Every structure is written in C-alpha cells, then in structure tokens.
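Hello,

Here is the structure we talked about, with the sequence alongside. Please look through it before reading my notes below.

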Amino acid sequence: MPSSAVVVRGLTKAFRVKTRAAGLGGAARALFHPDYQETLAVAGVTFTVEEGEALAFIGPNGAGKSTTIKMLTGILHPTSGEASVLGRTPWRQREKLAFDIGSVFGQKSQLWLHLPPSDSFDLLAHIYEIPAAEFASRRNHLVELFEIGPFLRTPVRKLSLGQRMRCEIAAALIHGPRLIFLDEPTIGLDIVARQTIRDLIRRLNREEGVTVFLTSHDVGDVERLCRRVVVVNHGRIIYDDSLNALKRRYHRTKYLDLLLDSPAGEFACAGARVVKAKGYGVKLEIDTERVRVDQVLSRILAEHRVLDINIGDPPLEEVIAEIYARGVEGGGSS
Amino acid sequence: MNLRGRDLHPSPDHRGSWLFRPGAQLAKYSAVAGVTTRSNMAYLADFFLRGIFLVIVMFVFFQLWRTTYSATGEDKIGGFSLREMIWYLAMTEALIGCFPRLTVVIDEQVKSGQLAYYLCRPYSYPLYLLSTYFGEIVVRLPVNLLIAGGMAFLSVGPLPFRPETIPGLALAITLGFGLNFTIAAAIGLLAFWFEDTGSFYLLYSRLLMIFGGMLIPLDVFPTAIRRIALALPTNLILYGPARLFVGHGAGAAEIWRLLGRQALWLGLLWLGLVGLYRLGVKRVNVQGG
C-alpha cells in the first residue's frame with residue numbers, strides 16, 4: 001500500500017490587493033485612503049498524492065496552480081487549511097523539507113547564467129550537503145541520463161533552451177528528491193526538446209519512483225506523463241480523477257472518419273454533423289447526449305458502402321477547454 | 001542507481017543544523033560566495049571600465065582639495081594633511097565602489113517571484129545573500145584599491161606604511177561591509193511592503209555620503225553635526241576604516257573601540273534584518289507565474 005507524499009485539507013490562500021480609481025485623483029486618494037480587495041487564489045482545496053504517483057495539476061491562468069505549489073513548497077503561508085508534504089508542514093519546516101523535494105519553475109532559472117552547469121551542480125552539492133563520493137556518482141548518473149555531458153562545461157547563457165531545461169531538471173534532482181514539483185517544465189521548448197524532457201520525467205517517475213507534481217498548459221505533457229489529473233479553476237478543484245475517466249466523463253462528442261466507395265458529394269446523416277467531406281472521405285461529429293454512436297452507424301451503413309471507419313475522441317485539449325468553460329459558468333466544488 | 005533521497009539519508013537527519021554540522025554549513029555559504037566570485041569574473045572588464053569613473057572622481061577630488069588647502073593656507077584641515085585627505089578619499093571611494101547592487105537585486109527577486117527558488121532551498125536567505133555579497137566584493141575590492149590607490153599615489157605620493165594596523169584595518173573594512181549589507185538588505189526587503197525601494201536606498205546613500213564621511217571626513221564638520229554623524233552606524237562603514245587607513249585613531253585602544261562599535265551595531269542590525277525577513281517572508285505575494 002503506497003503512503004501519501006502530499007496530503008492537503010481545505011488549503012486556502014487569500015491575497016489582499018491594493019485597488020485604486022483611474023486617473024490622477026484616484027492615485028492621490030489611494031495614497032491616503034488605499035482600498036484593498038481580497039482575492040481568493042486558492043479556496044479550500046483538498047487532495048492527496050501517493051508516493052510514486054505522477055499527478056497533473058492543471059487549470060487556466062490564475063486558477064491557483066502556482067499558488068498551491070508555492071504553499072506546498074513552503075514559500076507561501078496559507079490563510080487557512082492544512083498540508084503535509086512528505087510528513088512535514090511545508091511553511092513551518094521549509095528548510096528541512098527542501099532536502100527531500102525538488103522544484104523546477106519553467107519560466108525561472110536556478111542555474112548561474114555566466115557559469116557552466118557543472119558549477120551550479122557543485123554548488124547544489126554543498127547546499128544540499130551531499131557527501132563528495134555520493135555527489136560524484138549521482139552527478140554522473142544524471143549526466144548520462146539527461147545526456148548533458150557535451151555541454152556540462154559550457155556557460156549556461158550559451159545553451160539552447162532545451163539544453164538548459166535538461167540541466168535545470170538535472171539540477172533539481174541532484175540531491176535525490178523523493179518528490180519533484182514541475183511548474184511548466186516544457187514552456188517555450190521546441191517539439192523535439194519537449195519530447196525529450198517528457199521522456200526523462202516519465203523515466204524518473206516510472207523507473208526511479210520519484211513522485212511528480214506537474215502543472216502545465218501543454219496537454220501533451222499531461223497525456224504523456226500523468227495518469228491522474230486534478231483540474232482547478234477559480235481556486236477550487238473541479239475535477240480529480242484519472243485521465244481516462246476525464247476523457248470519458250466529459251466526452252459528449254465523438255468523431256467518425258469514414259472512407260466511402262463512392263464520392264462523398266452531398267453526404268448527410270440524421271443526428272450527425274458533417275465536419276468535412278472531401279473526395280471519398282467524410283468526417284462527422286456526433287453529440288452522444290442526443291444520439292448514440294450505433295444509431296448513427298446503422299443509418300450510415302444502411303445507405304452507404306463504407307470501406308473504412310475510424311471512431312475517435314476529440315483532442316484532450318478540447319476536453320480540458322470544455323471543463324474550464326463549465327467551471328467558469330459556475331460549476332464544480334472542491 | 002536510485003535517485004530517491006529516502007534511501008540515501010537515513011535519520012536522524014542533522015542536515016542544515018549549525019549545531020551538529022557546522023562545517024557543512026560553513027562549506028555551504030563559502031561555496032555560494034565562491035560561485036558568486038567566479039560568476040563575477042565574467043564582468044571583470046566591466047569593473048575596469050567602471051574604474052574610469054573612479055579615476056575621474058579621484059582627479060576631481062585632488063584638484064578640489066589642492067585648491068582648498070592652498071586657498072586656506074593651512075597644512076591640515078580637520079587634522080588631515082592633503083596627502084592624508086586624498087588617500088582617505090581613495091579608500092572611501094574604493095570601498096563604496098565595491099558595494100553590490102543588493103537592494104535592487106532583492107527588490108527584483110521579491111517582485112519577480114524569483115525569490116521562490118531561493119526560498120525552497122535548505123539555507124537561510126539572509127546568509128545566502130551575505131555570501132553572494134562578499135563573493136562579489138572579493139572581485140571588486142582589489143580592482144578598486146588598485147585604481148583609487150594608483151590615482152592617490154600619482155597625485156600625492158605614497159602613504160606611510162603601518163603594518164601593525166593591517167589586521168585591524170582588514171577587520172574594520174570587513175565589518176564595515178557587513179554593516180552596509182544589513183542596511184542595504186533591509187531596504188531591499190522593504191519590497192515586501194512597498195512598491196518601490198529605490199527612494200529608501202537613495203536616502204541611505206545620501207546619508208552615507210554626508211554622515212558616513214564618503215565625501216568629507218567627519219572631522220571637518222562642525223562639532224554639532226559631527227556628534228550626530230558619530231552617533232549613527234553609517235560612520236562605521238566608510239569613515240571608520242578609511243580614517244584608520246590614513247593613520248588616524250590607529251592606537252590599539254582606538255582600533256578596539258572602532259571594532260567593538262562596529263560589532264555591536266552589526267549584531268543589532270543583523271537582528272533587525274532577520275526580524276524584518278521573518279515578517280516579510282509571511283507576506284510573500286508570488287501569485288501566478
């Protein structure tokens with residue numbers, strides 16, 4: 001039975017933001033009588049992450065993802081609620097917890113820009129108090145795993161973003177964390193570099209057993225890395241289940257790709273919308289809440305000779321966009 | 001090989017403890033200072049370019065004071081001969097030119113959210129900053145001393161060498177840097193509360209300029225102003241060490257008094273800095289990003 005790496009109960013964070021009216025008068029008034037508006041960034045979220053799990057924590061901009069990560073790493077103090085990360089309360093035992101967790105914030109760098117990555121690794125070895133022999137063996141392992149040997153002694157400013165990100169993640173792992181927080185680890189990377197980073201994170205999780213807590217706007221990251229998804233919006237959890245269940249639950253649309261033995265022409269089918277008809281091929285969209293797939297198929301097969309059929313789901317991106325939209329319309333609770 | 005820390009660090013875990021692992025803590029902060037020094041080597045050419053400014057400043061000071069001494073017809077002003085005055089200013093200018101842009105750096109780290117990386121590491125953020133601060137000074141100080149000293153030498157000739165004051169002077173300079181650190185870092189941390197810390201730093205730098213003896217030794221001031229200046233910790237950052245450098249207050253008792261006052265103020269200001277940091281860190285407002 002796996003133990004829990006992260007346990008969160010009713011975690012809440014409210015920010016007080018200064019507001020002021022427009023114009024010079026507003027600025028002057030704000031000087032003497034500032035108005036504050038309270039923003040609930042995280043509103044009582046509850047969830048757990050098991051050791052060795054890879055969890056995607058996703059949501060639109062401003063949903064509360066980064067704020068949650070920052071509370072779980074001990075950077076932010078919550079307004080209320082509880083959290084335990086690897087058995088510690090992050091904001092009370094931040095320095096102790098830091099020895100066991102790693103973090104990568106995709107838009108920020110932890111490497112020294114003018115120095116080669118090897119210098120940053122050496123520094124981290126001291127910061128995490130890793131014995132010399134242990135550090136040498138772990139660094140060699142990471143260098144091999146991340147294939148960063150050829151540019152280990154090149155100043156970071158001269159590396160490509162993909163090379164830098166491989167070094168960033170290796171740096172976050174140098175102290176052997178049991179849990180790693182990845183905040184947009186593939187942001188700005190090209191498709192090849194993205195794939196490489198995903199494969200590496202996947203190996204770390206599957207082969208090394210490192211617990212992964214990922215936030216990303218890139219659906220490819222989520223699909224490739226995580227089996228479980230937590231969706232947050234407006235600071236609340238609106239979905240917490242497996243990725244497959246997410247697809248099933250929110251899919252009311254199916255796509256049918258047909259290859260006919262005659263030109264598609266003015267193809268039509270009751271209950272289905274023609275998305276595209278070109279040559280012998282037709283793409284149909286079915287709303288499964290209004291009509292069943294087998295009903296549509298029966299109608300098509302009764303009227304046409306079909307050479308090939310492919311039934312597919314909409315891209316995960318669309319599913320997630322739909323969940324976000326429903327959340328905005330007033331759905332969900334934590 | 002397994003990368004998970006669980007199997008690598010059996011409990012009881014004394015990592016991060018000054019009590020159980022003081023050597024590891026010292027090594028940690030020394031490594032931070034070392035890497036800052038190496039990183040700053042990339043800017044060495046920049047330091048020499050900035051040295052041009054130091055050359056101009058020293059030239060202006062020399063002309064100004066030479067005219068002043070000849071106009072008054074005095075050999076000494078405030079107890080300083082022209083030679084001592086120029087060497088005094090060489091030291092204050094060399095020291096102030098070493099001060100890293102700490103306030104701006106902290107301000108940016110707080111506002112950009114980069115602070116997040118520093119806060120999820122197993123070290124004390126104030127001590128980390130202190131290490132980077134001295135790591136930068138180590139590169140700048142020799143360059144500045146060389147340029148300012150060279151200018152003073154060319155202007156007024158050598159300063160009598162007093163080897164017995166060197167240990168005290170080195171310590172006084174270090175403590176002076178420490179004092180400037182606590183004040184500059186505290187101003188940077190005000191970014192937790194204020195949108196712009198630039199004005200606070202401007203105020204401090206002006207205070208250092210006038211009451212810190214950067215432009216004129218405090219001995220030249222009227223008694224009342226000198227008393228105020230001597231009561232402030234700012235006089236211990238530049239004036240104290242530079243005065244000792246030119247051989248004023250160079251008796252053992254006076255050196256000890258200077259070091260004692262520096263240490264006392266440093267202790268007080270450090271406590272203030274840590275208190276401010278603890279209050280501020282609860283206000284970290286790194287939403288989004």
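Helices (H or I, at least four residues) and strands (E, at least two) are taken as DSSP runs and numbered from the N terminus. Please keep in mind that this is a predicted model.

Chain B first. On that definition, chain B has 11 helices and two strands. The C-alpha trace of chain B covers about 75 × 40 × 40 Å along its principal axes. Chain B has 289 residues, of which 40% are buried. Among the contacts in chain B with a separation of 6 or more, 81% join residues 24 or more positions apart.

Last, the two chains together. How many residues of chain A are in contact with chain B? The number is 43, and they meet 34 residues of chain B. On the chain A side, the elements that give two or more residues are the helices α2 (65–72), α3 (94–98), α4 (117–127), α5 (132–146) and α7 (191–208), together with the strand β5 (101–105). By residue class, this side of chain A consists of 16 nonpolar, 16 polar and 11 charged residues.

Regards

Key
Residues are numbered from 1 along each chain as its sequence is written. Chains are lettered from A and ligands numbered from 1 in the order in which they are written. This is a predicted model: local features need pLDDT of at least 70, side-chain atom pairs count only at pLDDT 80 or more; totals for chains, interfaces and linings use all residues. Two residues are in contact if their C-beta atoms, placed from the backbone, lie within 7 Å. Ala, Val, Leu, Ile, Met, Phe, Trp, Tyr, Cys and Pro count as nonpolar, Asp, Glu, Lys and Arg as charged, and the others, Gly among them, as polar. A residue is buried if 20 or more other C-beta atoms lie within 10 Å of its own, exposed if 12 or fewer, and partly exposed in between; C-beta atoms are placed from the backbone.
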